[in-house]
Amino acid sequence: MTDFRLVVVSAGVSDPSSTRLLADRATQRVSALARERGHAVSVTTVDLRELLPELPAALSSQLLGPRFTQAVDALVAADALVVATPVYKAGASGLFTSFFQVLDNDLLIGRPVILAATAGTARHALVVDEEMRALFAYLRTLPVPTSLFASTEDWTDKALGQRIDRAARELVLLMDSGFARAVRDDAWGSYQHTYGSAGGTELGIDLDSDMMRLATGGSLRSGDDDPFDPRGPA
Amino acid sequence: MQFGIMSVSDITRDPVSGYTPSEKERIDAIVRIAVHAEEVGLDVFAIGEHHNPPFFSSSPTTLLAHIGALTERLILTTSTTLITTNDPVRLAEEYAMLQHLVGGRMDLMLGRGNTAPVYPWFGQDIRQGLPLALENYNLLHRLWREDVVDWEGQFRTPLQGFTSTPRPLDDTPPFVWHGSIRTPEIAEQAAFYGNGYFANNIFWPKEHYQRLIRFYRQRFEHYGHGPQKKAIVGLGGQAFLAENSQDAHAQFRPYFNEAPVYGHGPSMEDFEEMTPLSVGSPQEVIDKTLTFREAFGDYQRQMFLIDHAGLPVDTVLKQLDLLGERVVPVLREELAARRDPEAAEPPTHASLVKAKYGDAEPRQPRPNANRGDNVTGGSPYQDSEAEVSAYPAP
């Protein structure tokens, strides 16, 4: 059976970190459920705090250092993601959002994702659905329906374990469906890419476009403008 | 192989002295820098184009014509000329005029410009930047090659019976480089026309530029201009030199840290490691520059950025001394030794004239007498057949 490559992105900054703990619990559950369905899972963990020294250059100059590059390589190869962040001041941590803002727009298209956040108070619970889900929609990933959120009291509540199980199950089903791969294989061209927008994984340069025709001495004016234009109406 | 310097024309506070030059001082300085580039044996000087402070270079052909009058060998060019917000008709006229005044010692590099607010000042929209650049160049290309142009496009007023004057020197259009660091359409256009392709090679790791340069070379061959090694590639780079590495780092660091583009971001050491920036002794700069050929193949023009970020003019002139005396002669020798003998020679006016006419005399267009209008008839030049006879008959 297929091996799945799972990438965990954690923005927890302490060690041990409850954010990392939540991500790990989800990951373990994903691995166990995938095994039950006959898939081996390899896990790569990206601890964003290790990327902190490279973050200023990435943000100001789009210059990715060696650790950043490694993280991007892992994401390129990922079949699914578990992403987890602490909530600060009613929002996902700046480190977390900065990381995803630096990535190419197309890098994660179609990938199933478990969204997870931790906080000191339950009042932050909607950050996962209201903020993180929007970010991952923009990246055109496929966040699973069940979001994970753990504030202090949740760690002693077995309902958290049930939600983790539910989210993991959803992720495994989505991975198993082959959706992400099918999107890349069958429908990649129907997304708006810019050259270099997926870390070099975007396909070749499309020579059959209006811009390429213009580059080679053609015209932007469509056939509509001229009834005798052999191209006919656009 | 040609070596030169390129300036973006920024007027930046010197972070060490705290002094901000006036526009007048900086303009005078750039003239001294360009003249000194010739004195130390460099081949090319390039000036950028901007239409907003803190830059001074809104009128590159005026500056280049002045420098042309003060120099004898230096090739004058741009880095870059805005092919989006300038009217291609004006570009055709201004650069042909410059070409005459400097005896062909010029070419130009086209770029789009990435400052969004500038576009509407010239009636344009940055969201149309790419099609504007492509269409404008298509027109510019024809204006320099056809005496009379009828043209209709998406962006500019149509032209009927338009002649761009003066015709290019020896009726041989200036060489054009297309500058781009992320747009395959620009590389495609450069390849289609057999023009040069220039990667500024400043901000990013070389892998970033390799893909587009490889693509340009492949397409150059595809369009029948010759094998890939005949494609004409120019590269930027930036360097800061001192006798030894420690001094170079100590002297350049305050300027790097405050530099408008990358300051307050990566550390200088990271930037040196990840990008083509070389800070160091002449030998270190030589070694790093030699890696460019390994990455991109034989190329025709190497330009260095050395006068930005508030560096005072005296420092820049000393940089030129080191570049001209200690770095470029060694690079010339080393690169010549490694060069594929069939690689393209760098383009000059003489080589373009030779390519067009062989040993024959170049065409020297002489206009017909003024008919009171310039829109009737075939060609306004004496050596071309008029399609409509003049009236009244002479």
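**Figure 1. Overview of chain A in the predicted model.** Among contacts in chain A (heavy atoms within 4.5 Å) between residues at least 6 apart in sequence, 75% join residues at least 24 apart. This is a predicted model, in which local features need pLDDT of at least 70 and side-chain atom pairs count only at pLDDT 80 or more, while totals for chains, interfaces and linings use all residues. Residues are numbered from 1 along each chain as its sequence is written, chains are lettered from A and ligands numbered from 1 in the order in which they are written, and side-chain values use heavy atoms, with hydrogens and water left out. Chain A holds 8 helices and 7 strands, assigned as DSSP runs numbered from the N terminus (helices: H or I, at least four residues; strands: E, at least two). Its C-alpha trace spans about 75 × 40 × 35 Å along the principal axes, and buried residues make up 47% of the 234 residues in the chain, where buried means under 20% relative accessible area, exposed over 50%, and partly exposed in between (1.4 Å probe, protein chains only).

**Figure 2. A nonpolar surface patch on chain A.** Val13(A), Leu52(A) and Tyr88(A) together form a nonpolar patch with about 260 Å² of accessible area. Leu52(A) belongs to the loop between strand E2 (40-47) and helix H2 (55-61) of chain A, and is partly exposed, with a relative accessible area of 40%. Accessible areas come from the Shrake-Rupley method with a 1.4 Å probe, and for residues only the protein chains shown count as cover.

**Figure 3. The largest nonpolar core, with Phe45(B) among its members.** A nonpolar core is a set of buried Ala, Val, Leu, Ile, Met, Phe, Trp, Tyr and Cys residues joined through side-chain atoms within 4.5 Å. Of the 114 residues in the largest one, those that touch the most other members include Ile5(B), Phe45(B), Phe252(B) and Leu320(B). Helix H11 (residues 313-338) of chain B contributes the largest share of this core, 9 residues. Apart from it lies another core, of 37 residues, among them Leu48(A), Ala71(A), Leu103(A) and Val113(A).

Figure 4. Not counting residues up to four places away in sequence, the residues it touches include Phe240(B), His249(B), Phe252(B) and Met268(B). Val279(B) and Ala242(B) are 37 residues apart in sequence and 8.2 Å apart in space, C-alpha to C-alpha.

**Figure 5. Backbone geometry in loops of chain B.** Most residues other than glycine have a negative phi, and most peptide bonds are trans. The peptide bond from Ser79(B) to Thr80(B) is cis, with omega near 10°, and Thr80(B) sits in the loop between strand E3 (75-78) and strand E4 (81-82). A cis peptide bond also runs from Thr165(B) to Pro166(B), with omega near -10°. Ser9(B), in the loop between strand E1 (2-7) and helix H1 (23-39), has a positive phi near 70° and is buried, with a relative accessible area of 0%. Ala309(B) likewise has a positive phi, of about 60°, and is buried, with a relative accessible area of 1%.

Key:
Patch = residues over 30% accessible without salt bridge, like charges linked within 9 Å, V, L, I, M, F, W, Y side chains within 5 Å. Salt bridge = Lys/Arg side-chain N within 4 Å of Asp/Glu carboxyl O.
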